[in-house]
Each structure stands twice: as structure tokens, then as C-alpha cells.
Amino acid sequence: MTPLERRYRRLLRVLPADYRADREEEMVATLLDDRTDELDREHGWPGWGEFAATVALSVRVRFAAGTRIGGVARTVALVGLLGQVVLAAQSLTVASLVEGARPLPWFDIAAVVAFAALVTGRRTTARVAATLGAAVSLVPVVTALVRAEPGWLAVVFAVPSLITAVAMHVGHHREAPLPEPVRWWWAAATAVVLAVAATVPDPGAAWQFPAAWLLTLVAVAVVRPRVTLSPVPGSPTR
């Protein structure tokens with residue numbers, strides 16, 4: 001075994017053990033096919049592209065269809081996006097009722113686009129929009145840091161968006177199963193109606209942020225939408 005082959009095998013350890021047991025030899029042979037120079041095999045290292053591709057493959061395999069952690073990540077992402085849609089509905093309701101109140105247009109648009117895109121099967125658009133929403137949610141945090149002001153409210157607002165964005169990227173990759181659209185649309189309609197009805201009597205109240213997430217969970221519990229758990233061909237089932 002050359003040093004380069006040993007380094008490739010060490011890189012492949014990021015993959016699950018059962019996946020390596022089935023495919024490690026084939027993968028190592030493929031990776032070494034283009035590395036025929038003796039000096040390269042002695043002193044060469046896996047490229048950054050191979051490193052990134054192997055890590056991405058590890059994420060897809062570990063969060064594939066049929067894995068419990070994959071189902072949890074996909075559900076967290078969907079509930080997180082639904083909660084952001086509810087926050088957007090609250091924001092627009094407050095803006096329409098309170099003089100001088102301003103919605104968060106980029107956050108609201110990103111939330112609605114991400115949820116709609118994911119439910120309709122456009123995962124790349126959903127990941128981009130969720131990432132944009134998370135980035136926008138960080139603006140108040142950065143602003144508070146720059147001004148040396150207390151920013152814990154901004155952090156509380158940003159954390160769910162960041163968790164949602166991470167869950168989107170690890171759970172809703174291109175080989176992941178898609179959600180059931182009809183039930184998720186019903187869950188969204190239920191949560192938005194409840195949130196608007198709760199906002200109108202006291203628009204802008206501080207309790208409406210936690211109420212948005214509570215109503216989101218209530219809607220999910222009542223409608224019981226879920227992510228399709230049928231395995232994708234070729235994916236591990238554990």
C-alpha cells in the first residue's frame with residue numbers, strides 16, 4: 001500500500017462503516033486510477049475537491065432516506081420553515097395594523113419562497129432561500145455587536161433560522177425523499193390563520209414571537225404532516 005492509498009483510505013473513514021464495507025475498494029481503485037506517477041503516489045495527497053466530495057457524500061449517506069437522523073433533520077427543516085412563514089404572517093399583520101411598524105421583507109420573502117419551494121420539490125431553491133433567510137436574521141445580531149448593545153433578543157430570533165438552514169442542507173439534499181405537499185400546505189394554512197387571529201387583538205406584543213412557534217407546533221400536531229419515508233433506491237436503510 002502506497003502512502004497516497006493510505007491517505008485515501010483515511011479520508012474514506014468519514015463514510016459510515018457499512019457503506020465503506022461495500023464500496024471502499026472500488027472507490028480507492030477509482031481515486032488511484034489517475035494518480036499513476038510514482039512520486040505522486042509516494043508524496044501526493046487527496047485533492048480539496050475529493051475531500052469536499054467525500055464529506056458531501058458522507059452527509060448524504062448518513063442523512064439518506066430510511067435513516068432516523070435523516071428523517072429528524074428533514075422534519076426540523078420543514079417545521080422551521082413553517083415557523084418562519086408564520087412569523088412572516090405575523091409581521092405583515094402588525095405592519096397593516098400599527099402605524100410606523102415595518103415588516104422584514106427579505107426575511108419574510110425568503111421564508112415563504114423556501115417553504116413553497118421545498119413543498120413543491122424545488123430543493124435547491126429552498127436551500128438557497130433558507131440560507132438567505134438565515135443570513136438576514138443575523139443582520140440584527142451583527143448590528144448589536146458593532147454598536148456594543150445587548151443583542152440577546154436578536155440572537156433568540158436568529159437561532160431558529162440558523163438551525164433550519166443547517167437542517168435544510170444536511171437533510172434535504174438531492175437524494176432525499178420529498179415531503180407530502182398536501183398535508184404541509186394544510187399545516188401552513190392552519191398555522192397562519194391561528195397566528196393572524198392571535199395577532200390582531202394585540203399587534204406587536206412581545207409574546208407573539210414564542211406564540212408563533214407554539215402555534216406552528218400545534219398546527220403540525222393537528223394536521224400531522226410528514227416527510228415521505230420510503231427508501232430511495234441504493235440508499236442505506238437503518
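**Salt bridges, core and surface of the predicted model**

Arg 9 and Glu 24 form a salt bridge, with their closest N and O atoms 3.0 Å apart. A salt bridge is defined as a side-chain nitrogen of Lys or Arg within 4 Å of a carboxyl oxygen of Asp or Glu. The pair links distant parts of the chain: Arg 9 belongs to helix α1 (residues 3–11) and Glu 24 to helix α2 (residues 17–32), 15 residues apart. Helices (H or I, at least four residues) are DSSP runs, numbered from the N terminus. The model is predicted: local features need pLDDT of at least 70, and side-chain atom pairs count only at pLDDT 80 or more, whereas totals for chains, interfaces and linings use all residues. Residues are numbered from 1 along each chain as its sequence is written, and side-chain values use heavy atoms, with hydrogens and water left out.

Both Arg 9 and Glu 24 are buried. Here, buried means under 20% relative accessible area, exposed means over 50%, and partly exposed lies in between (1.4 Å probe, protein chains only). Glu 24 counts as buried because its relative accessible area is 16%. Glu 24 also forms a salt bridge with Arg 20, the closest N and O atoms being 3.8 Å apart. Arg 20 and Glu 24 both lie in helix α2, four residues apart, about one turn of the helix. Arg 20 has 23% relative accessibility and is therefore partly exposed. A network of salt bridges links Glu 5, Arg 9, Arg 20, Glu 24 and Glu 25.

The whole structure holds six salt bridges. One of them joins Asp 40 to Arg 35, with the closest N and O atoms 2.5 Å apart. Asp 40 is partly exposed, at 24% relative accessibility. Arg 35 is buried, at 15% relative accessible area.

The interior was examined next. In soluble globular proteins, nonpolar side chains tend to be buried together. The largest nonpolar core of the model has 21 residues. A nonpolar core is a set of buried Ala, Val, Leu, Ile, Met, Phe, Trp, Tyr and Cys residues joined through side-chain atoms within 4.5 Å. The residues with the most contacts inside this core are Leu 81, Leu 82, Phe 115, Leu 118, Met 168 and Trp 184. At least two core residues come from each of α5, α6 (105–119), α7, α8, α9 (181–199) and α10 (208–223). Helix α5 gives the most, with six residues.

Gln 90 also lies in helix α5. Gln 90 is buried, because its relative accessible area is 6%. Leaving aside residues up to four places away in sequence, Gln 90 touches Ala 195, Thr 199, Gln 208 and Ala 212. Contact means heavy atoms within 4.5 Å.

The 16 residues of α10 should span 22 Å, and the end C-alpha atoms are 22 Å apart, which agrees. The expected span is 1.5 Å times one less than the number of residues.

Most residues other than glycine have a negative phi. Arg 224, in the segment after α10, has a positive phi of about 55° although it is not a glycine. Arg 224 is exposed, with a relative accessible area of 62%. Ala 148 likewise has a positive phi, near 55°. Ala 148 sits in the loop between α7 and α8. Its relative accessible area is 69%, so Ala 148 is exposed.

Helices α5 (68–97) and α8 (152–171) each give two or more residues to the patch. Helix α8 gives the most, with three. Val 159 lies in α8 and is partly exposed, at 37% relative accessibility.
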